[in-house]
Amino acid sequence: MKEVAIVGSGIAAISAIKAIREYDKDCKIKLFGEEETYPYNRIKLSKGLLNEIKADQILLEKKEWYDENNVELNLGTKVVSISPKEKEIILDNSTRVSYSELVLANGARNAAPPIEGIDKKGVFTLRNLEDSRKIKNYTEKSNKILIIGGGVLGLEMAWVLSQAGKDVMIAEICPYLMPQQLDEKSCDILEKKVSEHNIQILAATSIKEIVGQAKVEGFITGEEKEVECDMIIYSTGIRPNLDLLEGTNIKTDFGVVVNNRMQSNYSNIYAVGDVSELDNQGFGLWPIAIEQGKIAGYNIAGQDATYEHLTPTVMLRAFGISLFSMGDNNNQKATDVIYEEKEDKYIKILIKDKVIIGAIVIGDMSKSAILRKAINQSLDLDELNFDNVSVEELIEIIKNR
């Protein structure tokens with residue numbers, strides 16, 4: 001009988017279990033989670049940052065689901081190493097657990113920026129439930145807060161903190177917010193809305209040093225400007241958790257290198273979600289973690305499944321606007337670009353060789369689902385003359401396909 005060990009307790013792990021159980025009801029599945037809590041929805045942490053979040057309120061599945069699906073849960077259990085030759089994982093209490101198939105779904109950690117004083121009291125990052133509790137507690141005695149990183153997570157935290165009456169600053173090393181997802185025009189709209197909520201944007205700004213004696217008292221920018229603050233939260237990318245692979249021959253680069261079946265260079269060891277790397281890419285996105293977990297699970301259950309790259313999608317609802325970005329929004333890669341702009345509403349659709357490759361939508365979210373479908377399906381629009389079509393006309397054409 002197969003013995004499947006799954007390291008990690010996030011959405012990729014749960015997705016793998018569901019896929020296995022579709023085809024194999026009997027194999028042994030053992031899940032190892034480092035946190036004491038049942039697997040929960042991490043993406044809800046930033047939105048409920050200052051609430052009294054309880055794990056039971058944000059569980060990925062009800063507690064009885066694990067018994068119903070014959071899953072052995074090992075919570076509060078850290079896997080410290082792997083022995084691929086012996087097909088064993090080693091726990092922090094030196095217990096050795098055998099497996100026939102292993103799924104690495106142990107995620108990533110937030111990358112600490114190389115800033116002097118980043119380990120000072122009053123500096124935080126948000127990755128898990130315990131992080132959110134620490135941030136909430138420290139926020140109660142803080143007033144002026146710096147967010148390092150102008151991506152979605154940093155913006156969501158800034159929104160919540162500003163709603164609580166905090167004086168918030170956002171430092172982004174790039175010239176504008178959400179630099180991976182937006183163009184200059186959409187960023188102008190976003191920055192206007194952010195500023196309307198009394199949040200100071202420090203664009204094209206690096207942080208050189210965090211200052212203070214016993215705790216955070218301020219920071220110094222790359223231009224040697226010193227600014228006061230009493231709390232700092234950073235959100236500047238992730239680093240896959242690869243420590244448990246030390247001493248093995250499992251191939252890694254940025255993450256665990258896998259093929260499109262989510263297999264590492266050991267055919268019985270899979271890697272999914274934030275810890276994985278496919279075609280020289282790391283991901284760190286929820287829908288991709290779900291899909292990769294599913295593909296690994298299907299293959300473990302004896303199906304022949306391959307992963308097809310999902311187009312990255314980002315959504316933000318904050319500061320009184322809704323924002324959607326998907327695909328490649330670099331004008332230089334597009335052969336045609338269609339715009340629509342009305343006050344705080346903005347739509348940009350990028351087309352390459354008669355196929356939509358990217359889109360940005362601010363304001364009218366009814367169009368986002370239609371554009372998502374067109375991009376995911378690589379919808380062929382060969383008969384259209386894009387010089388004479390409006391956004392509304394293009395949306396109607398897509399809807400009728």
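Which residue stands opposite isoleucine 356 in S25? I looked this up in what is a predicted model, and found that isoleucine 351 is the residue facing isoleucine 356 there.

**Entry on strand S25 and its partners.** I then turned to the strand itself, which runs over residues 355-362 and is mostly covered, with six of its eight residues buried. I took buried to mean under 20% relative accessible area. On one pairing I noted strand S24, residues 345-352, which joins S25 in the antiparallel sense over seven bridges. For the other I noted strand S22, residues 321-327, which also pairs with S25 in the antiparallel sense, here over five bridges. Within the S22 and S25 pairing, I recorded that methionine 326 has alanine 359 of S25 as its bridge partner.

**Entry on the hairpin.** S24 and S25 form a hairpin with two residues between the strands, and I wrote down that aspartate 353 in this hairpin takes a positive phi near 50°.

I next asked how many cavities of 30 Å³ or more the structure holds, and the search returned one. Rolling a probe the size of a water molecule over the atoms shows where empty space is left. The largest cavity contains about 40 Å³ of space, and I listed its lining as Ser9, Gly10, Glu35, Thr37, Pro39, Tyr40 and Arg42. Sorted by class, that lining comprises two nonpolar, three polar and two charged residues. Since Gly counts as polar in this sorting, I placed Gly10 of the lining among the polar residues.

Technical notes: Residues numbered from 1 in each chain as written. Predicted model: local features only at pLDDT ≥ 70, side-chain atom pairs only at ≥ 80, totals over all residues. Heavy atoms only, no water. 1 Å grid on protein atoms, 1.4 Å probe; cavity = no way out; pocket = protein on both sides within 12 Å on 5 of 7 lines; lining within 4 Å. Points joined across faces, edges and corners; volume = space filled by probe spheres on them. Buried < 20%, exposed > 50% of the residue type's maximum accessible area, 1.4 Å probe, protein only. Helix = DSSP H or I, 4+ residues; strand = E, 2+ residues; numbered from the N terminus. Pairing = 2+ DSSP bridges.
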